[in-house]
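This report covers a predicted model.

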Amino acid sequence: MGAVRIRSCFLQLIAQVQEVSLDGLETYVPLLSMSQNLAKLAQRIDFNQSSDSDEDGPERESREPWGKPEPEEDEGTVKFQPSLWPWDSVRNNLRSALTEMCVLHDVLSVLKDKKYMALDPVSQDPALTKTPQVFQLISKKKSLATAAQLLLKGAEKLTKSLAENQEQRRQRDFNSELLRLRSQWKLRKVGHKILGDLSYRSAGSLFPHHGTFEVIKNTDIDLDKKVPDDYCPLNVQIPSDLEGSAYIKVSIQKQSADIGDLGTVSLFRRQPKAKPGSQMWHLKLEAAQNVLLCKEIFAQLSREAVQIKSQIPHIVVKNQIISQPFPGLQLSISLCHSTGEKKSQRASPDKSKPDDHLYVLEHNLHQLIREVHTMPHPASSPFGHKRLRLAGPMAYDKAEISSLQQSEGLLEKIIKQAKHIFLRSRTARTIDSLASRIEDPQIQAHWSNINSVYESSVKVLITSQGYEQICKSIQLQLNIGVEQIRVVHRDGRVITLSHQEQELQDFLLSQMSQHQVHAVQQLAKVMGWHVLSFSNHVGLGPIESIGNASAITVASPSGEHAISVRNGPESGCKVLVQFPRNQAKELPKSDAVQDARWTHLRGPYREVHCGRMEGRNFVYKMELLMAALSPCP
Amino acid sequence: MEAPPVTVMPVTGGTINMMEYLLQGSVLDQSLESLLHRLRGLCDNMEPESFADHELVYLLKGQQGNPFMLRARRSLLHPTAPWHLRYLGQPEVGDKSRHALVRNCVDVAASHSLPDFLNEMGFRMDHEFVAKGQVFRKGAMKVVVSKLLRVLASGNTENTEPLSLSYLVELSVLAPAGQDTVSEDMRSFAEQLKPLVHLEKIDPKRLM
């Protein structure tokens, strides 16, 4: 190309040959002047063509001079009108450009006003902003992943909180457990600690034990392992001397042969059966309170055992109180406190028999540790015994005041009750042994159901079998007290018996012998026989060691026969029948009595062998005898 | 030198030297029920006991400045119960930190001829009033909630009118001299009654 250009430049400098004549003379084309050259060049400027045809420009320039001399070879690219001045096209182009620019300028100035025309962006053709599908996929994936992560996080939080709630409900967290504890026990907050009170002070007890327990949080729980079913987040710490369990053992033991062993019973030993909802702390606290109760009762008892004066002094040894209510009877009260670590094998598992009187003892012990408060009237008076306040105005003397102040101690009451129980059981046994030993007459004992702790009563009837309606003259009411038995007879006599068993037995035996004679008396009435003489205590005959013998003499309705009965507790019964004189085997003849009618009078006696008579009991035998001796009309 | 005869020696010890520790407060009539509920829960477990007392205050004006005052009180509900004669000394000016009012207190039970006896001795009745309310106790502490009524005609306890629209609440303990732990217990008990009633020590001299 460069060579072509150089050629074209050279050609412009060298005159071109227009024609070559025949003679060889070259006719050169006249060289263009500078202005002609410029015009020529200006004409060649094509304002419509783009700049990339710059390189072709000079080639067209070089072609055009070839075209000029041959206008006929114009095949169309550039129209060339040589008539016009060479700047015409230029001028036209410029003029059109000016027009365009003016139009543009007008439009812009109109736009600037914004009154008649406004510019709006043209919506982009979506096809022009089309992103590649791969990018869309990736971006969607990413946003989905973010959303999913948020949701997952939320779900995880929810499940965790739900699980925690369930765990808490199952574990019964510390506060709700504390609330339950507070509903049953007295709690108070001291500093950082929560203390509770398990003593009986609010019930009026004056025992100097503090009775405070501490509530601690149970933190030794391994959350990784499975929580045990009886786990409790709350634990109580009871004072060390109240640990374990305690009960009071009361036993009445015999020391001589005739008194029976009334046995042993344990009080306050009940193991509270654990309710399904109760917690360990509840059982612990109840056990500790029981221990405190037993200790208090025992302390009170031992204090009184030392203080009160009795005939046989009480012995207090370590945790046992031994006293003797009756000679030969030993009452021992002991406090058995086991800490639960070692189980003593020697403790026999004696099941407490449902002896109602020993439950009464326990009930009394419960009642006795509570003081019954009385309010003073008028209200400003100090607290104190109501009757003691009368001591001043009523001018009591020392004896009255001391009688007011002396109140029975716990131990005394227990001993009294023990004595009564013992006396009652021995009385029962005496009556029962007599009843089983002696068949004629029969003893019936009707025990009263309602007794007091110090008094019981029993009604003893002595009857003969088959003749209960007739012979009911011996009815005894026995009032068994603490140390004595008071007997009230049907005929109004009151007899006081001591605690000796033999006295009661002797008395009953004497009553039984009296009954036989009374029975004959009643029988005589029924049979129509006349009572000639009757005596409860005859002075004749052999002396009885127990009581007195009684005797009766009855005569038949016709008067011919008479029966004499003498009955003694020891000597037994003796029956004699008196016959009329004419029935006697040998009749003493007498000159004084001549008349035959005197032979109808009663005369000699003959003894009856009761043992060989038919009849199941004495009264029956008597009845038979009477019947035999009364002739049928 | 021999000891003076027994009749001359002053009686000391025993129940003579008792001190009364006292905290007082008051509640309006409409708040009485809630206070009684709270007291029933806090105090020893028994039925709350109502009382109606007639108190007469006797003064003996001697040559010295301060008249000697004795309080005679009888129960209207229990007419046969003995009268109660009480002497209250001046409040002890101990350290200010003591929470309760402490004063010497002598209580004596007397027969029904007490007013005549006091008149013969030279005492003159200064004023009288009727107190009705309830008594609670917690251990050694006594809480008395009472309404004070003015006696309109002297001697006639039927005609009475209330002195105020509130009830007087008194927390008192009778203890031998020297036991300061009592006031601590009283203060903690009084704390439990807040905000129903504010029990505090009220110096009677300041009210005169």
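A:Pro441 sits in the loop that runs between helix 11 and strand 12 (442-447) of chain A.

B:Pro195 lies in the loop between helix 3 (181-193) and helix 4 (204-207) of chain B. As background, most peptide bonds are trans.

## Positive phi angles

Most residues other than glycine have a negative phi. A:Lys114 is not a glycine, yet its phi is positive, at about 65 degrees. This lysine is found in the loop between helix 4 (88-113) and helix 5 (133-171) of chain A. A:Lys114 counts as exposed because its relative accessibility is 68%, and the cut-off for exposed is over 50%.

A:Ala395, also not a glycine, has a positive phi of about 55 degrees. Its place is the loop between helix 9 (386-389) and helix 10 (398-405) of chain A. With a relative accessible area of 63%, A:Ala395 is exposed.

## Nonpolar cores

The largest nonpolar core contains 45 residues. Those with the most contacts inside it are A:Leu181, A:Leu198, A:Phe213, A:Val215, A:Leu234 and A:Leu285. Several elements of chain A each supply at least two residues of this core, among them helix 6 (174-184), strand 5 (212-217), strand 6 (234-237), strand 11 (329-338) and helix 11 (410-437). Helix 7 of chain A gives the largest share, 11 residues.

Which residues does A:Val215 contact, leaving aside its neighbours within four places in sequence? They are A:Leu178, A:Leu181, A:Leu187, A:Ile194, A:Leu234, A:Asn235 and A:Val236. A second, separate core has 27 residues, including B:Val102, B:Ala190, B:Leu193 and B:Val197.

## Contact between the chains

On the chain A side, 15 residues are in contact with 28 residues of chain B. About 1900 Å² is buried between the two chains, and carbon and sulfur atoms give 64% of that area. By class, the side of chain A that touches chain B has 8 nonpolar, 6 polar and 1 charged residues.

How many salt bridges are counted between chain A and chain B? The count is 0. Polar contacts between chain A and chain B come to 4 residue pairs, with both residues at pLDDT 80 or more.

Note on methods: Residues numbered from 1 in each chain as written. Chains lettered and ligands numbered in written order. Predicted model: local features only at pLDDT ≥ 70, side-chain atom pairs only at ≥ 80, totals over all residues. Heavy atoms only, no water. Contact = heavy atoms within 4.5 Å. Buried area = accessible area lost by both parts, 1.4 Å probe. Salt bridge = Lys/Arg side-chain N within 4 Å of Asp/Glu carboxyl O. Polar contact = N/O pair within 3.5 Å; in protein donor to acceptor, adjacent residues only side chain to side chain. Nonpolar A, V, L, I, M, F, W, Y, C, P; charged D, E, K, R; others polar. Core = buried A, V, L, I, M, F, W, Y, C linked by side-chain atoms within 4.5 Å. Buried < 20%, exposed > 50% of the residue type's maximum accessible area, 1.4 Å probe, protein only. Helix = DSSP H or I, 4+ residues; strand = E, 2+ residues; numbered from the N terminus.
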